[in-house]
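Please walk through this structure with me, one part at a time, with the sequence and the model side by side.

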Amino acid sequence: MRVDRPFFAALLLTLPLSATAKESLPPDPAESFAYVLAAVQENYARRVSQPDLIYAAAESMLDCLDPHSAFLRPRWFQRMREDTSGEFGGLGLVVTKVSDGPVVVHEPIPDTPADRAGLQKGDEILAVDGDPTAPMDLDTAVDRMKGRRGTAVTLSIRRDGWPGPRDFRLVRDRIRMKSVKGRMLEPGYGYAQITAFTEHTDYYLQAKIEELRKLNDAPLEGLVLDLRGNPGGLLDQAVRVAELFLPGGKVVSTIGRDGRGIERHFARARGTLPHVPTVLLVDAGSASAAEIVAGALQDHGRALLMGERTFGKGSVQSIIELDDGSGLKLTVARYYTPRDRSIQELGIEPDVTVRLPLDWIPPGGTDLETAADYILWTALQTLKAGNRIRSSARSDQDVSPDG
Amino acid sequence: MRASAVARLVSLLAIGGLALTAQAKTARRADPYARLDVFSKVLSYVEKEYVEKISRTDLIQGAIEGLLGELDPYSAYLTAEEVRALKAKAAGEVGRTGLEEGLARPDPAEPAVIIAPVEGSPAWREGLKAGDRLLAVDGDSTEKTSIHRLVQKLEGDRGTVVRLRVDRPEWAEPKDIDVERAVVTLPAVQAVTLARSYGYLRIAFFRDRADKELSRELKRLEAENGGALKGLILDLRGNPGGLVDTAVSVSDQFIGQGVVVSTEGRRRKLEKHYAQPGGTRDGFPLVALIDGGTASAAEIVAGALQDHGRALVLGTKSFGKGSVQEIIELPDGAALKLTTQVYYTPKHRSIEGKGIEPDIEVRTSVLPALDGGAEFKPVREKDLEGHFSAEGKDGVEPAKTADGKPTDAAFEPSPEATKLMDDVQVKAALDYLKSWELFRGLKGRDR
C-alpha cells in the first residue's frame, strides 16, 4: 500500500489561505483534525506529547469500526507480530508468576537457550539483568527476557537444594512457538491439535502427521484434528492446512468492499496427505482461520465436524506496519466457504453437536488424557465405529460377487 | 456567562500562524509532523481498504474525540453547528435545568456528579443536591459522555421536560426525576442581615457583573445596619464558578493589594492578577463558607482570601477545579473548548484536584431538635413555683452594649435570617464573628 502524499504537510501550508477563503471552499473534515491538533498543542494548559495525541486519535478512529480493526502503538504492534509469526527473539521459557513473587519457570521449550543452559521447571527467576522480578508484572518481566537474537541476558536463578541463587548468562535465540501438538490416541488413531494459524503451521502439521504415521508403523486408520479454542491467525496458513486434506476445489473466497477484490483460493493437488478418515473438533473458541478450515472440510465432505457451533468471525484483516513501528489491523474483506456460506455471526454448525456432560466419568481402556476429554473420546469412538461399519460394508461387497 | 464565553473567542488566524512558525522553526531539527504522517496514512488506509464504506467525517470525529480524551474532562470539541447554536443561545433565551454550570466528573470512568444546582432553578426545586450522581439524561447513560454533551442534552426549549436518573448514597436505588426546563436567571448575589451589624452574602455563581451586584448588595447591608458592619459571612458554598475576571474583581473588594490569583498556560506564561488599592472593604472581619460544591472561580476567591489572611475559611474542602477554559474557534467554523490555563492562589498553591482546605472544618448536619418533646428539659428558676418575676416591662429589659446600641436580644430577624440560622455552618460562622468581636472588646478592657 502506498500513500501518494501525506496530506497534512500540504494542509498546514495552506492553512492561512483557507482561513481567508473559507467561505468559498467546502471544509475537508481531515483539516479539522489538523486544526484541533495545532490548537491543542499551542493552547492546552499543559504540555502533551504529540505521539500520545496522535496515537489516541488513531485508536479512537479505529474504534469506530468493527471489533477486529484496531490501531496498535509500537509496543503492541510488535507483540501482535510475534503472535502471528509464532516467532520471537528470546530464551525459550514458559513462565508464570504470582502477584508479588518472583517469575517461575513453567517449562523450558526443548532445544532453546534456556533448555540448553539446563533451566528446569520450578526454577525461580529472581532477577533479570540485576532487576528483581517480584515487583514487575508478568508482561514486563517477559519483555525484559525477550530481545534481539544474539544479545545476552543474565538471569538470577534460585532452585531447591542450592545454597544460594546462581547467575545464568544466556544468549537470546530465535524461538519458535510450535502451533501444532499431537500424539497417538490408540494404535491406528492419531491426534493433532492446531493452537493457532501462525507462520509454518502447515509445515508443523504435515510433520506431526508424518511422525504419527511412523509411530504407528502403518497407515493411520483415523485422525482427530482439533481446532477447539483456536482463535485463528493467518489466512494463507488456513488455506494451506485445508490443502493438506483436499486434493482440489475451492477452499475459501474473500470479497472486499463493494464486491471488489474478489479472491478465490483453490487447493493444489500437490502435497495432499494420504486420505485418512478425519473428525474435526470445533467449539465456540474456534474462530476466523479455524472456521475457514472447518468450513472448507465440511463443504467438501472431507471431515466430520464435531463439537459446538464456532465463534462466527467471517472477516479478514490486513496487518499494516507504519514507519514509526506502530501498525494497523484493518478488516478488509469478508470470506465465504466453498459453498458461499458466510460465517459472520452465524459460525459453523458442526455435523454432530457434542457438549461436555456434567457427570462425565472417564472410562478405562484409553489413556487418561484422552478419556478425560469427553469430546475427544467421543471423536475417537466415532472414528472406530465408522471404520467398523465401513469394513463390514466392504466385507458385504466382498461377499456379494460370490453370492 | 455563556455570552461572555463567546465574547472571549480567540482569533483563529493567530493559531494557524503559530502552527506555521512552529513548523518553520523546527523543520531542520526534527520533523514534528512525522506522527501526523502516521495519522494521515492510517486515515488513508481505512478510507481505501476498509470492508465497508465509512464517512471521513465520522472517522475524523472519532479521531478528534480520541485526541481530546487525552486531555482533561473539561476540554471538548464543538462542531460548526454547535458553535452556531451556542451563539444563538447567547443571544436568546434557552430553557435550562440549573445543572448546566454545575456538573463534573472527578473520575472519568464514573457517571457525572452534580456539583451544585443553581438555587431556585428547576433542578433545585425538584430537590437535586450537590453530590448527587447523574446517571442518565432522558434515558441515555452519562458514562463516557463529555460534560459538554450532557449540557447540550440538559438544555432545550423552555417548558419541555427532561428526565434525569439520579442516585444518592442514602437512596436504596436511583430515582427518575422529571425537570421542566425554564429560563434560569437568578440574582447572583443575595444579602441578608443575620444579626445586628452582621451580614450574610451569598454569591451563587460568578457570572458577568456579579462583582457589581456584590458591591451594591454590600452597600445595602451597610445601610440596613446603620453604617459599618461588625462582620460578614461570604457564602461560596455550591458556587460552581464562572468568570475568572469577576472572581478577581470580587476578591479585590476585600483585599487591599497583592496577587489575587496567577494563571499559567502554555501560550501565556505566568500571569498575575493584582488587587487594586482603593475601594477595599477591610473594616470588618470576614468568614468565607466553602464546601464540596465550591469550584473554579469560587475557589479562586476562597484561596485568595485565605492566603491573604483576609477571611477565616470555614466549611468543608472545596471541589478542586483549578483550570480555566477558553473557546477557540477553528477556521472551519468548529471550535474547541480547551483548558488553556491552570491557576494558583497567591501563595502559589494549585487548586486542581486538591481543593481548598477550610481553616476550620464544620460539616453540615441537622441541629438537634430544640423542642425535644418528652425529652429532658433543664429546670430553671422560672420553672419553680412562686418564683419572682423579672423586673421591667414585659419582664424583659432590652440589653444594650456599651455604646448604647441594641444587642441581638432586640434584633428582629427576617424570615431569611431565621432560616439561615438553622444552617450549622452559617451559625458557626456567625458565632466566630461574634466571638472575635467579644475577644477584641476584652482585649481593649485589659489595656
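Two strands are said to pair if DSSP finds at least two bridges between them. With that in mind, and remembering that this is a predicted model, one can turn to strand S8 (189–195) of chain B and strand S9 (residues 198–203) of chain B, which run antiparallel and are joined by 6 bridges. Within this pair, B:Val192 of chain B stands opposite B:Tyr200 in S9(B).

These two strands belong to an open sheet of 6 strands in chain B, whose order is S8-S9-S10-S13-S14-S17 and whose pairing is mixed. The edges of the sheet are formed by strand S8 (189–195) and strand S17 (360–361) of chain B, each of which pairs on one side only. Helix H8 (residues 210–224) of chain B packs on this sheet, where it touches S8 and S9 of chain B, and the direction of the helix makes about 25 degrees with that of S8(B). In a regular strand the side chains alternate between the two faces of the sheet.

Several strands pair with S16(B), and they can be taken in turn. Strand S1 (residues 76–78) of chain B pairs with S16(B) in the antiparallel sense over 3 bridges, and here B:Tyr77 has B:Leu336 as its bridge partner in S16(B). Strand S11 (residues 258–265) of chain B also runs antiparallel to S16(B), joined to it by 4 bridges, and B:Thr263 stands opposite B:Tyr343 in S16(B). Strand S15 (residues 323–329) of chain B pairs with S16(B) in the antiparallel sense as well, over 7 bridges, and B:Glu329 finds its bridge partner in B:Ala335 of S16(B). S15(B) and S16(B) form a hairpin with 5 residues between the strands, and in this hairpin B:Gly333 takes a positive phi near 95 degrees.

Two packed helices are described by the angle between their axes and the distance between the axes. In chain B, the axes of helix H9 (residues 244–252) and helix H10 (residues 297–307) come within 9 Å and cross at roughly 30 degrees. Because angles under 35 degrees count as roughly parallel, H9(B) is roughly parallel to H10(B). The crossing in which H9(B) passes H10(B) is right-handed, and the residues that meet there are B:Val244, B:Thr246, B:Ala247, B:Val250 and B:Ser251 in H9(B) and B:Ala297, B:Ile300, B:Val301, B:Ala304 and B:Leu305 in H10(B).

Chain A has a helix pair of its own to examine: the axes of helix H8 (residues 201–216) of chain A and helix H9 (residues 235–245) of chain A come within 8 Å and cross at roughly 25 degrees. That angle makes H8(A) roughly parallel to H9(A), and the crossing of the two is right-handed. On the side of H8(A) the contact is made by A:Thr201, A:Asp202, A:Leu205 and A:Gln206, while H9(A) contributes A:Gln237, A:Arg240, A:Val241 and A:Leu244.

Finally, helix H4 (residues 50–63) of chain A has 14 residues and reaches 20 Å from its first C-alpha to its last, close to the 20 Å expected at 1.5 Å a residue. H4(A) is mostly covered, since 10 of its 14 residues are buried, among them A:Leu53, A:Ile54, A:Tyr55, A:Glu59 and A:Met61.

Note on methods:
Residues numbered from 1 in each chain as written. Chains lettered and ligands numbered in written order. Predicted model: local features only at pLDDT ≥ 70, side-chain atom pairs only at ≥ 80, totals over all residues. Expected span 1.5 Å × (residues − 1). Buried ≥ 20, exposed ≤ 12 C-beta atoms within 10 Å, placed from the backbone. Contact = placed C-beta atoms within 7 Å. Axes fitted to C-alpha atoms, helices over the stretch in contact; angles between N-to-C directions. Parallel < 35°, antiparallel > 145°, perpendicular 65-115°, else oblique. Left-handed = near helix turned anticlockwise from the far one by under 90°.
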